[in-house]
Amino acid sequence: MYDLIIIGGGPAAVAAGVYAARKKIKTAVVAEAFGGQSLVSADVQNWIGTPSISGFDLAENLKKHLYAYREGVDILEGELVTGISRKDDGTFSLALRNGKEMEAKHVLLASGSRRKKLEVPGEQKFEGRGVVYCSICDAPLFGDKVVAVVGGGNAGLEAVIDLLPYASKIYLLVRSEPKGDAVTLEKIKNDPKVEILTNTIVESIEGQDLVTGVVVKDTRTGEPRKIALEGVFVEIGALPNSEFVKGLVELNGGGEVTVDHKTQRSSVPGIWAAGDVSDVIYKQNNISAGDAVKAVLNIYEMMVKGK
Amino acid sequence: MPKTVKIYSTPSCVYCRMAKAFFVEKNVPYEEFNVQEDMKAREEMFSKSHQLGVPVIDVEGEIYVGFDRSAIAEALGISQ
């Protein structure tokens with residue numbers, strides 16, 4: 001029986017693991033992979049204390065920091081929690097993908113979020129055949145090709161940056177107006193390769209073996225338009241990884257775990273949540289780490305004082 | 001005999017780097033093909049996986065799209 005099981009491998013989970021180890025709380029971290037959503041960022045420039053770092057190196061650093069405390073924390077890397085049940089005595093049983101079970105007195109949900117899909121005709125059919133969800137991975141395969149990036153948040157703007165050295169033309173398709181950081185937006189606005197279409201939604205993705213075009217609609221005029229292109233990079237936000245606690249803890253309409261923002265406690269005594277899986281307004285690495293630290297300090301206080 | 005492992009990758013692909021780090025950690029020899037530049041390898045990858053996303057990992061003819069640590073560990077018959 002662990003005092004604490006932390007679920008996840010992003011900044012929240014790792015921060016919690018480090019703090020829990022330093023408090024000598026008997027802890028396990030179950031991480032499918034390390035790094036969280038920033039893993040696929042070419043360059044992270046707002047991780048405080050580090051002016052510039054790739055998502056991959058950030059992930060490696062997080063992993064290294066946690067493994068530095070391997071004496072004090074059991075780390076289950078590559079493993080996934082598939083369900084949690086609360087027992088009569090108030091402790092928890094966690095089911096793992098490998099069929100095993102783990103037991104804990106306290107649980108911290110730091111499972112983050114995953115990429116949202118467009119849910120339009122053609123998207124699924126052409127996944128990997130022109131429809132791309134990892135721009136930094138697959139951008140080099142679109143040399144001298146016309147492509148579109150869907151989504152005007154930071155992830156969408158970063159995908160445009162990933163594509164600039166390769167693609168011949170990049171349409172940025174934005175539902176309303178671009179919302180990403182001004183610094184990045186300025187950079188892409190000034191590039192002649194980029195054409196930003198605002199108030200534009202994707203209706204369908206077309207092709208034969210591979211993508212040959214998209215049909216978009218201007219939401220102000222209702223006018224459909226077909227754009228011939230070979231790549232569609234989908235960057236429209238994220239969905240919380242909370243399915244495995246559905247029915248156990250309270251979730252909001254978006255599937256996020258609702259928490260008390262002073263303590264990170266969920267609706268169920270014994271379960272805390274931090275980072276992108278929680279209903280925190282701002283999904284940021286620095287905030288996720290801080291919120292997870294808050295959770296561990298609150299858990300520690302509870303263990304010591306019993307409240 | 002160790003199993004034959006091929007990975008089709010691009011230099012910037014993080015999941016490819018994770019997969020390669022995993023192979024190194026587990027002492028699994030592998031052959032790498034850079035599909036950003038090697039067009040023959042790109043065609044080979046497409047014919048094997050019917051898609052163009054990287055990484056594609058070929059373990060003795062079994063094809064995996066993306067890097068799923070537990071699936072690859074199982075295919076190799078090693079621990080995670």
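Colleague: Which strand does A:Glu77 lie in?
Modeller: A:Glu77 lies in strand E3 of chain A, residues 73–77, where strands (E, at least two residues) and helices (H or I, at least four) are DSSP runs numbered from the N terminus. This is a predicted model, in which local features need pLDDT of at least 70, side-chain atom pairs count only at pLDDT 80 or more, and totals for chains, interfaces and linings use all residues. Residues are numbered from 1 along each chain as its sequence is written, while chains are lettered from A and ligands numbered from 1 in the order in which they are written.

Colleague: And what does A:Glu77 touch?
Modeller: Leaving out residues up to four places away in sequence, A:Glu77 touches A:Ala31 and B:Gln80; two residues are in contact if their C-beta atoms, placed from the backbone, lie within 7 Å.

Colleague: Why does A:Glu77 count as partly exposed?
Modeller: Because A:Glu77 has 17 C-beta neighbours inside 10 Å; a residue is buried with 20 or more other C-beta atoms within 10 Å of its own, exposed with 12 or fewer, and partly exposed in between.

Colleague: How many residues does the contact take from chain A and from chain B?
Modeller: The contact takes 16 residues from chain A and 16 residues from chain B. On the side of chain A that touches chain B, helix H2 (55–67) and helix H3 (135–138) are the elements that give two or more residues, and H3(A) supplies the largest share, three residues.

Colleague: Switching to H4(A), how many of its residues are buried?
Modeller: Nine of the ten residues of helix H4(A), residues 154–163, are buried, so this helix is largely enclosed by the rest of the structure. Among the elements of chain A that the buried residues pack against are H3, strand E9 (146–150) and helix H5 (182–189).
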